[in-house]
Protein chains: 2
Amino acid sequence: MTSVLIVDDHPLQRLGFRMLLENAPETDVIGEAAHGAEAVRRTATLRPEVVLMDIRMPGMDGIEATRRIVAGGGRSKVLVLTTFDLDEYAHAALRAGASGFLLKDARPEELLAGIRAVAKGDAVIAPALTRRLLDTYADHLLTGPRGRQAEDDPRYQALTDREREILVAVGQGWSNGEIAERLVLAESTVKTHVGRVLAKVGARDRIQAVILAYDLGLTRPQPPA
Amino acid sequence: MTSVLIVDDHPLQRLGFRMLLENAPETDVIGEAAHGAEAVRRTATLRPEVVLMDIRMPGMDGIEATRRIVAGGGRSKVLVLTTFDLDEYAHAALRAGASGFLLKDARPEELLAGIRAVAKGDAVIAPALTRRLLDTYADHLLTGPRGRQAEDDPRYQALTDREREILVAVGQGWSNGEIAERLVLAESTVKTHVGRVLAKVGARDRIQAVILAYDLGLTRPQPPA
DNA sequence: GCGAAGGTGGTACCGGCGTACTACTCGCTC
DNA sequence: GAGCGAGTAGTACGCCGGTACCACCTTCGC
């Protein structure tokens, strides 16, 4: 039986976790906390095996709370759970000493497996993040480049020359009017092109197209001045 | 439905996997192979989404087979499964291009979750190994891979915690309605937040905000599936 | 000479986005 | 208790974006 402390500022979210964990045969919820400071206090007194930690909370956040709990030196392991698949969050959490980092859209079984692993002294990382973690340390671990670029993507291949120009323009963040101005076209023409591009690449709106342009490497992030 | 090719030199082991995967609603075993060379051939013809690969096999082993399959450039992802929790195996497998590394003592649900993740383009590593992997690269985590440019930017600094969350959400390409749904807010509230974010960072519309999110490294380009 | 594909333009309509308010509730500080 | 910032929520309105059409023009290939 693994004892768990639930830390989240949303009562409904805590309830959800409690429902799941109390219906599982191997976990036992021994307490809850609504923010970081409370989490640190309760961990000291209740000594749970696993602390289920949200990041974004009023007052002390989950990262700082994790840091203090780990620094406390008890047996408690911290498993960070968050809505956002953000590298910054993950790195901060792991840097703070968390034993795991999972996303809240994980399936119940995955969460339970994560708790089990963390209680055993192992570590878990959300698969979506593991991918990027491996990519990040590719130099140390992997050999051989494995990145494909725009020209290999079937969605990009489906576009005509003019449409590719339009996609790049959209990726720059230009409005239809601006594109019309810079490419010397009528705005209605730009709309026609943009519409076709969206249909061909399967994008819902120009925002998805901007994201696609970045993912394909058509537009590169430019560090702020 | 995820198509799977089972590679293992023990018939009984293959049967075990087949039992598990055929009783799962989301996986479909489309073939088996008893050694590396056969695995490479079958992968080329059957084009499974996921190859379940054993390491120790007579003739060509799983590492070499993985290397060839990945080099082939198909869509197939390799998930390496082994009995032995050896760092050398894991590193060799990942260096060869495997998308995952799990131990055979994993629970059925964990294996299914792993297959699901790998098929999606994510990566999985056995928790026991993740622990050691994190320890190995602890020093890299200390500084962070790309540094922290977002925190240094005055525009980002001007945002409150909630507004930063909103900026990330906008950067993901989510509509106001989707953000409201995922963060459990009213759409009007999301609009208020987005409006304030745009004003603070000096963005004309949410598209500029998406671009800013990329430039600040809040969102990273993800290679196409 | 004809059709197909690509590029250019137009009209009309609707929905989501952005903005400009206002207002209530916390938790904090003074 | 007054004041403030942050978060949440509402209404109303104008505008841009996305779509569904259609029309015309080139440049090809057959």
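**Figure 1. Right-handed crossing of helices H10(B) and H11(B) in the predicted model.** The crossing of H10(B) and H11(B) is right-handed. Helix H10 of chain B comprises residues 176–183 and helix H11 of chain B residues 187–201; the two pack at an angle of about 110°, and their axes lie 8 Å apart. H10(B) is therefore roughly perpendicular to H11(B). On the H10(B) side, the contact involves Asn176(B), Gly177(B), Ile179(B) and Ala180(B), which meet Glu187(B), Val190(B), Lys191(B) and Val194(B) of H11(B). Classified by type, the residues of this contact are four nonpolar, two polar and two charged.

**Figure 2. Contact between helices H1(B) and H5(B).** The axes of H1(B) and helix H5 (residues 108–119) of chain B come within 11 Å and cross at roughly 70°. The two helices, H1(B) and H5(B), are therefore roughly perpendicular to each other. From H1(B), the residues in contact are Phe17(B), Leu20(B) and Leu21(B); from H5(B), they are Pro108(B), Leu111(B), Leu112(B) and Ile115(B). The contact of H1(B) with H5(B) contains seven nonpolar residues, with no polar and no charged residues.

**Figure 3. Pairing of strands E1(B) and E2(B), and the crossover that links them.** Strand E1 (residues 2–7) of chain B and strand E2 (residues 27–33) of chain B run parallel and are joined by six bridges. Within this pair, Leu5(B) stands opposite Gly31(B) of E2(B). Between E1(B) and E2(B), the chain passes through helix H1 (residues 11–23) of chain B, giving a β-α-β crossover that is right-handed.

**Figure 4. The open sheet of chain B and helices packed on it.** Six strands make up this open sheet in the order E2-E1-E3-E4-E5-E6 (chain B), and their pairing is parallel. At the edges stand E2 and strand E6 (124–125) of chain B; each has a single partner strand, so one side of each is left without a neighbour in the sheet. Elsewhere in the sheet, strand E3 (residues 50–54) of chain B runs parallel to strand E4 (residues 77–82) of chain B, and five bridges join them. Asp54(B) has Leu81(B) in E4(B) as its bridge partner. H1(B) packs on the sheet and touches E1, E2, E3 and E4 of chain B, its direction making about 160° with that of E2(B). Helix H3 (residues 62–72) of chain B also packs on the sheet, where it touches E3 and E4 of chain B; the direction of H3(B) makes about 155° with that of E3(B).

Figure 5. Strand E1 (residues 2–7) of chain A runs parallel to E2(A), to which six bridges join it. Thr2(A) stands opposite Thr27(A) in E2(A).

Technical notes: Residues are numbered from 1 along each chain as its sequence is written. Chains are lettered from A and ligands numbered from 1 in the order in which they are written. This is a predicted model: local features need pLDDT of at least 70, side-chain atom pairs count only at pLDDT 80 or more; totals for chains, interfaces and linings use all residues. Side-chain values use heavy atoms; hydrogens and water are left out. Two strands pair if DSSP finds at least two bridges between them. Helices (H or I, at least four residues) and strands (E, at least two) are DSSP runs, numbered from the N terminus. A crossover is right-handed if, with the strands pointing away from the viewer, the path from the first strand over the helix to the second runs clockwise. Axes are lines fitted to C-alpha atoms, for helices over the stretch in contact, and angles run from 0 to 180 degrees between N-to-C directions. Angles under 35 degrees count as roughly parallel, over 145 as roughly antiparallel, 65 to 115 as roughly perpendicular and the rest as oblique. A crossing is left-handed if the near helix is turned anticlockwise from the far one by less than a right angle, and right-handed if clockwise. Contact means heavy atoms within 4.5 Å. Ala, Val, Leu, Ile, Met, Phe, Trp, Tyr, Cys and Pro count as nonpolar, Asp, Glu, Lys and Arg as charged, and the others, Gly among them, as polar.
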